[in-house]
Amino acid sequence: MHNKKEACRNFQRGSCQYGERCKFLHVIQQQPKSNAFGFGTQAISHQQQKPNPFGFGVQNNAQSKGVNDFGNKQSQFKNTWTRSSASSGAPSLRQPDNQPQATNHRCNDPESCKRIIAEDFEHERPLWKLTCYSHWKNSPCDIVGDVSYEELRAAAYDDAKRGLSLQSIIERERNLLNSKLVEFENFLRNPYRGPAGSAAAQQIPFPGATTTVLSPTTQNTVAPQSNVPPSVSSFSQLGASLNTGFSPGPSVFSANNVPSANAFSFGNQQPNQSVVASFPTNMANFSNSSATNPAINQFSAAAISTQNFSSSSIQSPAFLNVSLSNSEVVGREATNVQLGNNLPTTVASGDSNIWLKEKWTPGEIPEEAPPDAYV
Amino acid sequence: MSTFGAAAANHNPNKSFEVAQPPSDSVSSLSFSPKANFLIATSWDNQVRCWEISRNGTAVASTPKASITHDQPVLCSTWKDDGMTVFSGGCDKQVKMWPLLSGGQPMTVAMHDAPIKEVAWIPEMNLLATGSWDKTLKYWDTRQSNPVHTQQLPDRCYALTVKYPLMVVGTADRNLIIFNLQNPQNEYKRVTSPLKYQTRCVAAFPDQQGFLVGSIEGRVGVHHLDDGQQGKNFTFKCHRDGSEIYSVNSLNFHPIHHTFATAGSDGAFNFWDKDSKQRLKIPIS
């Protein structure tokens with residue numbers, strides 16, 4: 001190590017792959033020519049203290065360097081201090097992702113944007129699924145409806161306090177997860193349904209403040225399909241159709257007087273082909289759903305349980321009522337269970353025999369909890 | 001809930017010191033006193049606990065000192081700059097001020113309509129800032145029951161960082177709102193996150209030139225405030241393991257060296273230098 005004469009340029013740039021074996025001297029910034037990447041200038045600008053505390057910025061600026069290879073895997077330290085998973089995960093400061101600050105990305109090239117989206121969904125799906133998404137940095141979200149860890153957990157704790165069973169909590173969370181996954185699927189298939197504004201209609205009503213589009217329990221039973229046309233009105237129509245006989249509760253339904261069409265022909269906007277097309281894909285997300293019928297089976301059973309807790313848990317921040325270990329939320333498959341956050345609290349007209357039925361067909365699923373007699 | 005922490009195979013791989021009488025549920029925040037070696041931890045078991053951390057030669061010792069209880073899980077905590085008082089807030093939608101060093105009882109000093117996710121004490125203004133899921137940020141004079149100012153946010157507050165006069169709030173749906181605390185009623189700037197997924201944490205540079213933002217997608221963005229410095233912005237990936245992408249839960253700058261640490265859901269923490277764009281490696285001692 002002592003018979004080298006020259007400084008190693010790679011090391012000074014922060015990434016010499018030879019490490020100790022390297023032929024050149026690993027010294028830091030002793031030669032002036034180390035600023036190939038503008039790091040030197042950065043160091044200088046660093047010293048210039050902003051004159052006014054909120055000038056927030058130094059007057060000059062370094063030539064920004066685009067892609068630089070950082071990620072110094074072999075520094076002079078033989079480090080094994082990090083946990084093994086981290087070290088293999090490697091210090092990937094490479095790929096800095098320095099697209100120019102296109103603050104107003106306009107998707108001028110839809111093809112390339114589609115590719116970006118496809119790649120993102122292929123390689124960059126985080127473990128936490130209940131998230132918003134944008135395909136371009138600094139651009140507004142394409143998919144909205146963020147739910148954070150703490151929110152989900154707080155809702156679950158709340159529900160558990162109120163006496164909900166763990167099972168029902170889990171079912172709710174699963175349903176939320178499902179609808180989110182479907183939302184992503186749909187986006188991937190059709191990223192340009194409209195401006196982000198219409199995407200906003202897809203918001204999962206986890207925080208009560210957002211729209212309650214997906215709220216009614218019954219809607220979510222057909223979640224896979226109903227998410228295909230991601231427009232608000234189709235959900236409402238679906239809900240309305242399922243709601244025949246019930247007075248409209250939350251505002252979601254208020255605007256709709258769609259006659260009781262077949263529950264699965266949601267919305268007039270989308271041709272049925274879209275339903276068919278999407279269904280198989282959606283299947284991937286659901287463990288037992290190979291056809292419509294099992295889906296119904298599942299939710300008919302689940303509907304009962306959701307009815308029970310949904311009515312008791314309606315509150316203005318319509319929190320989710322599920323506690324779920326992180327691993328589950330993180331994207332395991334789930335059964336088709338409803339969410340039922342903002343269920344209308346109005347009671348149906350009185351077909352109470354509904355509670356005695358074994359299986360519910362879509363269209364007759366009651367919105368509210370069964371009366372005590374049937375519980 | 002019992003499925004959590006079904007104990008990991010080795011829950012202490014670095015043989016770190018563990019405090020005595022730890023919380024019985026997940027820890028949501030940690031805060032060291034600015035003046036003494038007192039550690040505060042808030043937890044999902046509704047408690048705020050305080051230990052005195054001391055050294056015994058090379059060994060570390062912890063002495064449980066005191067604790068207070070909230071009605072619901074506690075999410076955030078911070079010390080007052082005089083090191084005498086602790087603020088804690090959480091799902092009970094309140095912030096309690098606890099003058100623990102003088103042995104006082106906790107008092108509620110802030111209220112929101114939804115759980116309070118972040119709290120920060122701003123000594124230069126003598127105010128407490130609280131960010132909540134009710135989409136507001138409120139400033140409180142602890143002697144008054146009404147907030148001094150309520151700031152509307154575009155969405156629920158997920159993260160907050162203060163380095164006077166810079167304050168950055170990260171909200172749901174990837175908004176980042178920058179405030180100049182000399183003019184706190186106006187947003188200085190609103191930026192959409194350079195990351196593509198949910199914002200998880202933010203940290204202001206010690207020199208207030210910009211901030212870091214961490215997301216759930218194992219990525220951290222470095223953002224400078226000055227328009228002329230936008231070229232220095234970049235993002236980098238971290239806390240990934242093969243195809244698993246973990247979230248970056250916390251970002252913290254070293255007060256002197258201006259390097260920073262990231263902590264991730266992969267159970268690891270790393271140290272980075274944003275100026276040389278490197279991950280720092282620590283030699284084995």
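## A lysine between two aspartates

B:Lys274 and B:Asp275 form a salt bridge, with their closest N and O atoms 3.3 Å apart. The model is predicted. B:Lys274 is buried, at a relative accessible area of 7%. B:Asp275 counts as partly exposed, at 25% relative accessibility.

Salt bridges with shared partners also join A:Glu124, B:Glu217, B:Arg219 and B:Arg240 into one network. Over all chains, the structure holds 19 salt bridges.

B:Asp273 sits in strand β25 of chain B, residues 269–273. What is the nearest side chain of opposite charge to B:Asp273? It is B:Lys274, 6.5 Å away. A salt bridge needs a side-chain nitrogen within 4 Å of a carboxyl oxygen. B:Asp273 is buried and has no salt bridge. Leaving aside residues up to four places away in sequence, B:Asp273 touches B:Thr259, B:Gln278 and B:Leu280.

## Two further salt bridges

A:Glu183 and A:Lys180 meet through their side chains in a salt bridge, 3.4 Å from N to O. Both residues lie in helix α6 of chain A. They are three residues apart, about one turn of the helix. Both A:Glu183 and A:Lys180 are buried.

In chain B, the side chains of B:Asp227 and B:Lys189 form a salt bridge at 3.5 Å, N to O. B:Asp227 lies in the loop between β19 and β20, and B:Lys189 in strand β16, so the pair ties together parts 38 residues apart in sequence. B:Asp227 counts as exposed, at 58% relative accessibility. B:Lys189 is partly exposed, at 23%.

Chain A has 14 helices and zero strands. Of its 375 residues, 54% count as buried. Its accessible surface comes to about 16,800 Å², and 52% of that belongs to carbon and sulfur atoms. Among contacts between residues at least 6 apart in sequence, 67% join residues at least 24 apart.

The largest nonpolar core has 16 residues. A:Phe121, A:Leu130 and A:Tyr133 have the most contacts inside it. Helices α4, α5 and α6 of chain A each supply at least two residues of this core. Helix α6(A) gives the most, with five residues.

## A hairpin in chain B

Strands β1 (residues 27–32) and β2 (residues 38–43) of chain B run antiparallel, joined by five bridges. They form a hairpin with five residues between them. B:Val27 stands opposite B:Ser43 in β2(B).

Note on methods:
Residues are numbered from 1 along each chain as its sequence is written. Chains are lettered from A and ligands numbered from 1 in the order in which they are written. This is a predicted model: local features need pLDDT of at least 70, side-chain atom pairs count only at pLDDT 80 or more; totals for chains, interfaces and linings use all residues. Side-chain values use heavy atoms; hydrogens and water are left out. Helices (H or I, at least four residues) and strands (E, at least two) are DSSP runs, numbered from the N terminus. Buried means under 20% relative accessible area, exposed over 50%, partly exposed in between (1.4 Å probe, protein chains only). Contact means heavy atoms within 4.5 Å. Accessible areas come from the Shrake-Rupley method with a 1.4 Å probe; for residues, only the protein chains shown count as cover. Two strands pair if DSSP finds at least two bridges between them. A nonpolar core is a set of buried Ala, Val, Leu, Ile, Met, Phe, Trp, Tyr and Cys residues joined through side-chain atoms within 4.5 Å. Lys and Arg count as positive and Asp and Glu as negative; His and the chain ends are not counted.
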